[in-house]
Amino acid sequence: MNIAYFKHLPGEEQCQISFHLLLDQYKIDKVFNFNRNLAEQIDHSLDRIRANVEKEFQKKNKRKKVKKVTQATEDAATPAAAVRSEQEGEGSTDPMPVVVSLDTGEEKITNITIADMLARLTSHPNVQLTVMDASFQICYNSPEVHAVKLPTSILADFYVSPSRLELHFATQECSSYCWSRGKMPESGNAKQIEWEQIGTEQTYLVQKADIGLHLKFSCTPKNEAGRVGPVTEIISPNPVQAGPGLCPFEVRHLFTQQKLRDGQFRVVSYNILADLYTDSDYSRTVLFSYTPPYALEMDYRKQLLVKEILGYRADIICLQEVDTKVFSLDLVPIFHQKGLAGHYQAKGKVAEGLATFYDGNKFELLEKDGVIVSEILERYPELWDKIRNNKPLVERIANRSTALQLTLLKSKHDPRKHLLVANTHLYFSPDADHVRLLQIGYSMLYVREQHDRIAQQYELATESDLALLFCGDFNSTPECGIYKLMVERFVGADFPDWESNLEEAVKGVTLSQPFQMGSACGCPEYTNYTVGFKACIDYIFYKRGALNVNDVIPMPSEEELSMYQAIPSPVFPSDHIALAANFEWAK
């Protein structure tokens, strides 16, 4: 039996009705879609459906009449032949009654609202819609693909996934997928493509054999209850292209060809440059004017980003400037296939944030947490009381959306070993050293609070049983107070950073933190390399005594970074450089 789909999303006042009416005898082949208010009487809705079907029938019937009458006129010796043809029933214009009804097989459904009818569907699903000679089984809130889109750029040797995939009454985890490839005929008619199936995951590693071919993505939406919705297909707007050739990060991958053994783990920290900051005229013409426009497009860059990050074969990945959609549509499904799980921390109302992933084969997730730093200012009176009367400063720091993300992991190899991973991206402005210093001060107060609670709650008696990592883009060079606080544990009241903006100058504030921290990658010459700014501002800090650094993945050379003047470039997907270091638990 055919299916008519009735859909009502929570909180909406409209019910969507859709069915495909295929009646060969009447030359009708059309999908009908209606939006009706929940308070509307079902009889009125059926009248509306009837009117639309009648209109379609009359349109097809009129075309049939014109064609047959014209043919009869041409063939006849006299116009009377055309008259006889019409009198004999060919192309008759007599209106045909269109019957539209709802029933349960035992009784017709009438004199109730759509809302009442939907409530009845919940408890009595055996309701049928009859339209002319066709019967439809009503399917209420069926799993469906609401929207799907493929990227405009698809490169060989890189992963591809839908750039948009919105499901209703279904989950991406339960749904099934299919990738196919085919050559567009010279006619340009995609319906004539002969498809060959090449993949069955939500993501697909594009092959060199796909170059010049179009890809088709199919999704069958499903939910946890086992309900299955109609298949939706989409064809790539452009054929697969060759990649950019050898990227410098692939040279770095020579040092990460294998996963580390148990008892060791690799950490990556990377600001991946959010699309939010590249998709503007200012970014294209000023900030990154040296970057070819196509290399700034997220559809292009995310393919390089995914390949680069996965190639480090890391066990813990801390990312900054992660677009919300990139996290859910690209990183989560692809990383999940590689055994990596993760969570996201948005920066307030900004459409980018922090993401931390971990290898589920090596670590068990115990807790995940996240805060906006500006929302915890009054939580620590020992610092708040010293700045609360500095109104310009408080206003500035309170308006920042800087986030801090925490992840507590337990080693599956040695259950005694726990790891607290902090991830952040501090505020950027040339005159904001004092703001960033306060942000890290507050962050370390929060980290210390959680560290102490965790040690007590999980009964971690020895110092080495609870390790600490603090990764991120700190927007601060090694000469500034943040690096001093992290590795020397103290910043005095006379430190120059406090006066980076004289109108907001911080007076009488000292900062300290209790952990013996080191910088795993030291202080590379560059972790950010643009035309306007080149410096080390990203770090992987770690607690000495709990962790040891075994190795650091070499950074790219300045010659590689300047290949296209600066980064991002066709072979560098971000304006930052990923940090990667190998650790092992201290004995």
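Predicted model: local features only at pLDDT ≥ 70, side-chain atom pairs only at ≥ 80, totals over all residues.
The domain assignment divides the protein chain into domain 1, made up of residues 3-62 + 98-140, domain 2, covering residues 144-235, and domain 3, covering residues 248-585. Taken over C-alpha atoms, the centres of domain 1 and domain 3 are separated by 54 Å. An unreviewed UniProt entry places the feature "domain: 2',5'-phosphodiesterase 12-like N-terminal" at residues 143-240. In the model, this span is 0% helix and 45% strand, and its end C-alpha atoms lie 30 Å apart.

The largest nonpolar core contains 48 residues, of which Leu404, Ile440, Val447, Phe470 and Trp498 touch the most other members. Two or more residues are contributed by each of the helices α9 (381-387), α10 (391-398), α11 (433-457) and α12 (481-488), and likewise by each of the strands β20 (403-411), β21 (418-425), β22 (466-473) and β28 (538-543). The largest share comes from α11, which gives 9 residues to this core. The surroundings of Val447 illustrate the packing: when neighbours within four places in sequence are left aside, Val447 is in contact with Leu404, Leu406, Leu420, Ala422, Leu468, Phe470 and Phe515. In soluble globular proteins, nonpolar side chains tend to be buried together.

Aromatic rings form 25 pairs in the structure. One of these joins Phe474 and Phe541 in an edge-to-face arrangement, with 5.3 Å from centre to centre and 70 degrees between the planes. Because Phe474 lies in the loop between β22 and α12 whereas Phe541 belongs to strand β28, the pair ties together parts that are 67 residues apart in sequence. Phe474 is buried, with a relative accessible area of 0%, and Phe541 is buried with a relative accessible area of 0% as well. A further edge-to-face pair is formed by Tyr542 and Phe583, with a centre-to-centre distance of 5.6 Å and an angle of 65 degrees between the planes. This pair also links distant parts of the chain, since Tyr542 lies in strand β28 and Phe583 in strand β30 (residues 579-585), 41 residues apart. Tyr542 is buried at a relative accessible area of 8%, and Phe583 counts as buried at 0% relative accessibility. Tyr542 and Phe583 also belong to a cluster in which ring pairs link them with Phe265, Phe363 and Trp585.

Charged side chains are placed over aromatic faces as well. Lys307 lies over the face of Phe158, at 4.5 Å from the ring centre, while Arg400 lies over the face of Tyr427, at 4.4 Å from the ring centre.

Two loop residues give contrasting views of sequence separation and spatial distance. Glu297, in the loop between α6 (293-296) and α7 (298-311), counts as partly exposed at 43% relative accessibility. Glu297 and Ser153 are 144 residues apart in sequence, and their C-alpha atoms are 8.8 Å apart in space. Ala505, by contrast, lies in the loop between β23 (490-491) and β24 (511-512) and counts as buried at 10% relative accessibility. From Ala505 to Ser18 the separation is 487 residues in sequence and 63 Å in space, C-alpha to C-alpha. With neighbours within four places in sequence left aside, the contacts of Ala505 are with Asn390, Trp498 and Glu499; Trp498 is also among the residues that touch the most other members of the largest nonpolar core.

Several backbone features also occur in loops. The peptide bond from Ile567 to Pro568 is cis, with omega near 10 degrees, and Pro568 is located in the loop between α13 (558-561) and β30. Asn141, a residue other than glycine, has a positive phi near 50 degrees; its place is in the loop between β6 (134-140) and β7 (144-149), where Asn141 is buried with a relative accessible area of 14%. Glu459, likewise a residue other than glycine, has a positive phi near 55 degrees and lies in the loop between α11 and β22. In terms of accessibility, Glu459 counts as exposed, at 70%.

Methods. Residues numbered from 1 in each chain as written. Heavy atoms only, no water. UniProt positions renumbered as here; feature names shortened; annotations may be inferred. Helix = DSSP H or I, 4+ residues; strand = E, 2+ residues; numbered from the N terminus. Domains from an automatic or database assignment. Core = buried A, V, L, I, M, F, W, Y, C linked by side-chain atoms within 4.5 Å. Buried < 20%, exposed > 50% of the residue type's maximum accessible area, 1.4 Å probe, protein only. Contact = heavy atoms within 4.5 Å. Phe/Tyr/Trp six-rings, centres within 6.5 Å; stacked < 30°, edge-to-face > 60°. Lys NZ or Arg CZ within 6 Å of the ring centre and 35° of its normal.
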